[in-house]
Amino acid sequence: MNTRLHADRAHLQHLYRAMLRIRRFEARCVELYQDRKIRGFLHLYDGEEAVAVGVMEALQAGDAVVATYREHGQALACGVPMDRLMAEMLGKAEGCCRGRGGSMHVFDVQRRFFGGNAIVGGGLPVAAGIALADQRLRPGAITACFFGEGAVTEGAFHETMNLASIWKLPLLFVCENNLYAMGMPVADAEAQTAIHRKAEAYRMPSESVDGMEAIAVEAAAARAVEHVRSGQGPFFLECRTYRFRAHSMFDAQGYRTREEVQAWKDRDPLERLRRWMLDNHQATETQLAEIGNAVEQELAAAVAFAEAGTLEPVADLERYVLMDTVPQDAREGNPA
Ligand SMILES: Cc1ncc(C[n+]2csc(CCOP(=O)(O)OP(=O)(O)O)c2C)c(N)n1
């Protein structure tokens with residue numbers, strides 16, 4: 001906990017608020033899902049909030065972020081407004097992707113938040129492309145790419161690591177190692193379970209950090225970002241974390257014991273930070289209650305905004321579909 005001593009109380013409270021926004025947003029999503037207002041898949045980030053919040057604190061405006069289908073936390077921490085995100089969850093035209101992305105494909109070009117990707121490992125080559133473009137067109141900007149440890153079994157991961165290293169791309173790899181890829185324990189899928197050591201094969205520096213502690217993640221991410229931004233090439237940051245809920249909304253969770261889940265819940269990043277701030281006089285119960293109230297108000301307004309939003313007519317279904325831009329000849333299979 002030493003690193004925390006270097007952070008001032010306003011910053012600690014800011015981190016707490018950022019994590020609480022994510023936790024409460026998703027808890028409300030569960031209710032909306034049960035009310036069948038959110039449809040499709042819903043992968044929650046419960047327990048992993050310190051990773052998105054800690055890493056995002058180390059980034060700066062103009063940096064790019066690529067995430068996975070478990071990306072509500074990154075989207076909120078990256079600055080996607082909560083009301084636009086909630087409208088997106090409900091499939092409304094007021095959503096950040098006009099309701100066409102939904103939970104798994106949140107996107108916000110203005111904030112350089114480039115998804116949201118349903119394909120495991122799919123964001124990695126995209127992130128390399130963005131980093132390559134930035135290296136030439138926006139010197140100083142870096143890309144942070146979040147992915148689960150399940151993605152490191154994909155070929156795309158190794159191809160991206162290799163090219164990122166060779167081309168010294170301004171790319172921060174952030175592996176959210178929550179120990180399971182759906183029901184697959186990491187030890188059953190990986191010969192090398194110390195995931196950050198994968199970077200050695202690509203001569204890339206790496207670090208493994210306690211992903212249940214926002215300040216520790218922020219400190220490690222700051223070191224990593226400094227390396228990447230200085231032009232020395234990519235960095236691999238493994239954050240050891242845990243998802244408190246099922247993989248998606250429901251699974252039998254036969255792959256882990258209740259005791260294991262409880263042991264990780266005892267390390268809840270929100271509760272740990274709350275307790276630490278109180279014990280060390282970095283916040284009062286009243287201040288924390290005020291933060292909680294403000295988050296509840298923001299959330300209530302976001303839900304009201306989303307519920308009052310518009311469902312686009314079915315006739316508009318093909319609008320924005322790339323196929324519309326393909327010339328008629330090509331569509332019919334005629335060579336151009
Ligand atoms: C290429 C590909 N293969 C398989 C799947 C099915 N799938 C969805 S999530 C998932 C597990 C991924 O685990 P991990 O990358 O560790 O992320 P986590 O869900 O733990 O955040 C799998 C195998 C997929 N979406 N894409």
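Is Lys168 buried, exposed or partly exposed? Lys168 is partly exposed, because its relative accessible area is 47%, where buried means under 20%, exposed over 50% and partly exposed in between (1.4 Å probe, protein chains only). The structure is a predicted model, in which local features need pLDDT of at least 70 and side-chain atom pairs count only at pLDDT 80 or more, while totals for chains, interfaces and linings use all residues. Residues are numbered from 1 along each chain as its sequence is written, and side-chain values use heavy atoms, with hydrogens and water left out.

Lys168 has a positive phi of about 50°, although it is not a glycine. Lys168 is found in the loop between H6 and strand E3 (171-177). Helices (H or I, at least four residues) and strands (E, at least two) are DSSP runs, numbered from the N terminus. Arg36 is also not a glycine, and its phi is positive at about 60°. Arg36 lies in the loop between helix H1 (9-34) and helix H2 (49-58). Arg36 is exposed, with a relative accessible area of 56%. The peptide bond from Gly115 to Gly116 is cis, with omega near 25°. Gly116 sits in the loop between helix H4 (82-89) and H5.

The largest pocket holds about 460 Å³ of space. On a 1 Å grid over the protein atoms alone, a pocket is an open set of points where a 1.4 Å probe fits, with protein on both sides within 12 Å along at least five of seven lines; lining residues have an atom within 4 Å of a point. Grid points are joined across faces, edges and corners, and the volume is the space filled by probe spheres set on the points. Of the 35 lining residues, Tyr69, Val120, Gly148, Gly150 and Ala151 are the closest to the centre of the largest pocket. Strand E2 (143-148) is one of the elements that supply at least two lining residues. E2 gives the most, with 4 residues. The lining divides into 18 nonpolar, 11 polar and 6 charged residues. Here Ala, Val, Leu, Ile, Met, Phe, Trp, Tyr, Cys and Pro count as nonpolar, Asp, Glu, Lys and Arg as charged, and the others, Gly among them, as polar.

Helix H2 is mostly covered, with 9 of its 10 residues buried. Among them are Glu49, Val53 and Met56.

The structure holds 24 salt bridges, each a side-chain nitrogen of Lys or Arg within 4 Å of a carboxyl oxygen of Asp or Glu. Asp46 forms a salt bridge with Arg23, the closest N and O atoms being 2.7 Å apart. The pair links distant parts of the chain, 23 residues apart, with Asp46 in the loop between H1 and H2 and Arg23 in helix H1. Asp46 is buried, with a relative accessible area of 10%. Arg23 is buried, at 16%. Arg229 and Asp63 meet in another salt bridge (2.7 Å, N to O). This pair is 166 residues apart, with Arg229 in helix H8 (residues 214-232) and Asp63 in the loop between H2 and strand E1 (64-66). Arg229 is partly exposed at 25% relative accessible area, whereas Asp63 is buried at 4%. Glu285 forms a salt bridge with Arg274, the closest N and O atoms being 3.6 Å apart. Salt bridges that share partners join Arg23, Asp46, Glu49, Arg245 and Asp268 into one network.
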